[in-house]
Amino acid sequence: MQFVILRSNKYQESIYGYHQENNESAHSDRRAGDFCELQEADVAIDELVHLRGELPAEVAILEEELAGLRAKSEKIGQMIEGYNATIDNANKQIVELDAEIEKYRSQLENISNSREFDSINKELENQGLLRAIAEKNITDARAAIEERKLDRERIADRILIREEDLKAKQEELATIVESTAKEEKALQAKRSACAAKIDERTLSAYERIRGNAHNHLAVVTLFPKHEDGTYGDACGGCFHTITPQRILDIASGKKLVICEHCGRIIVNPDI
Ligand SMILES: [Zn+2]
């Protein structure tokens, strides 16, 4: 990255001198200061959130996994219900078939010719076949139920383990949140107070820039800061050089200066 830093003390004096002479008007427009304070609060809140580390993400992953396992278990329950319905139907069918078979058998005792005998035997054979199929369906369904029950037990074990994991993570997270809750509440209040002083459009620009800036800093100062307290003429976010007119605007604090290159808000921290 190449950037030019023009260090001109005379220039700095002139812009900050301007600020000092116009202290009153600068004071009446506290926008730059509000932005600095807003960002300070946001950065501090970010740090608190950062303390929670991966815990919120881990909690979310565990919750998702548990929801998936519970859904699977429920689906298995529905499958078992389906198999039980198959067994009930097959049992009913067997009762009906037995009645039919019984009827044909009694008919066999009173047959008058061989044709009738053949016909009834054929029926008996068919009913017997249907009965065997129904019995096989019952056996298969029972085996499937046993298998599904084993699956469900395995899932239930995993649910128990994951529930323990989730509980531990949630407690850990709650402890951190609780220990920082007071501080976070104070910061949120400070943030709201600062945000209330900034108009909605500018505030939404700030939020947008903050979301886009990789370090979440939407408000920067000029760069670099010299030992004597004066500033260079580069944007503190992207280090591109700022035009003299805009530097004057920044120094006065009267206008909101947005960096043309990175979109960050550049403020004079002394206002
Ligand atoms: Zn910039």
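Reader: Strand 3 is mostly covered; how many of its five residues are buried?

Author: This is a predicted model. A residue counts as buried if 20 or more other C-beta atoms lie within 10 Å of its own. By that cut-off strand 3 is mostly covered, and the number of its residues that are buried is five of five.

Reader: In which sense do strand 2 and strand 3 pair?

Author: F223 stands opposite A234 in strand 3, and K225 stands opposite Y231 in strand 3. Three bridges link strand 2 and strand 3, and the sense of their pairing is antiparallel.

Reader: Which residue in the turn of the hairpin has a positive phi?

Author: The hairpin is formed by strand 2 and strand 3, with five residues between them. In that turn, a positive phi of about 90 degrees belongs to G229.

Reader: What is the order of the open sheet of three strands?

Author: Strand 1 and strand 4 (257-258) stand at the edges, each with a single partner strand, so one side of each has no neighbour in the sheet. Strand 4 and strand 5 run antiparallel and are joined by two bridges, with V257 opposite I266 in strand 5. The pairing in this sheet is mixed, and the order is 1-5-4.

Reader: Which element supplies the largest share of the largest nonpolar core?

Author: The core has 25 residues, and those touching the most other members are F35, L222, C235, I250, I265, I266 and V267. Elements that each supply at least two residues include helix 5 (114-197), helix 6 (200-212), strand 2 (222-225), strand 3 (231-235) and helix 7 (244-252). The largest share is four residues, and it comes from helix 3.

Reader: Which residues does V267 touch, not counting residues up to four places away in sequence?

Author: V267 is one of the core residues that touch the most other members. With residues up to four places away in sequence left out, V267 touches A32, F35, C36, V219, T221 and I250.

Reader: Why does A44 count as partly exposed, and how many C-beta neighbours does A44 have inside 10 Å?

Author: A44 lies in helix 3 (residues 31-51). The C-alpha atoms of A44 and E183 are 9.4 Å apart, although 139 residues separate the two along the chain. Buried needs 20 or more neighbours and exposed needs 12 or fewer. A44 counts as partly exposed because its number of C-beta neighbours inside 10 Å is 16.

Reader: Where is the kink in helix 5 centred?

Author: Helix 5 has 84 residues, and a straight helix at 1.5 Å a residue would reach 124 Å. The end C-alpha atoms of helix 5 are only 107 Å apart, short of that span. The helix has a kink of about 55 degrees, centred on A181.

Reader: Which residues of helix 5 are buried?

Author: Across the chain of 271 residues, buried residues make up 17%. In helix 5 the buried residues are A134, A141, L187 and C194.

Reader: What pattern does the chain follow along the sequence?

Author: The chain has seven helices and five strands. Of its contacts with a separation of 6 or more, 74% are between residues 24 or more positions apart. Read along the sequence, the pattern is α-α-α-α-α-α-β-β-β-α-β-β.

Key:
Residues numbered from 1 in each chain as written. Predicted model: local features only at pLDDT ≥ 70, side-chain atom pairs only at ≥ 80, totals over all residues. Core = buried A, V, L, I, M, F, W, Y, C linked by C-beta atoms within 7 Å. Contact = placed C-beta atoms within 7 Å. Pairing = 2+ DSSP bridges. Expected span 1.5 Å × (residues − 1). Bend = angle between axes of the 7 residues up to and from the residue.
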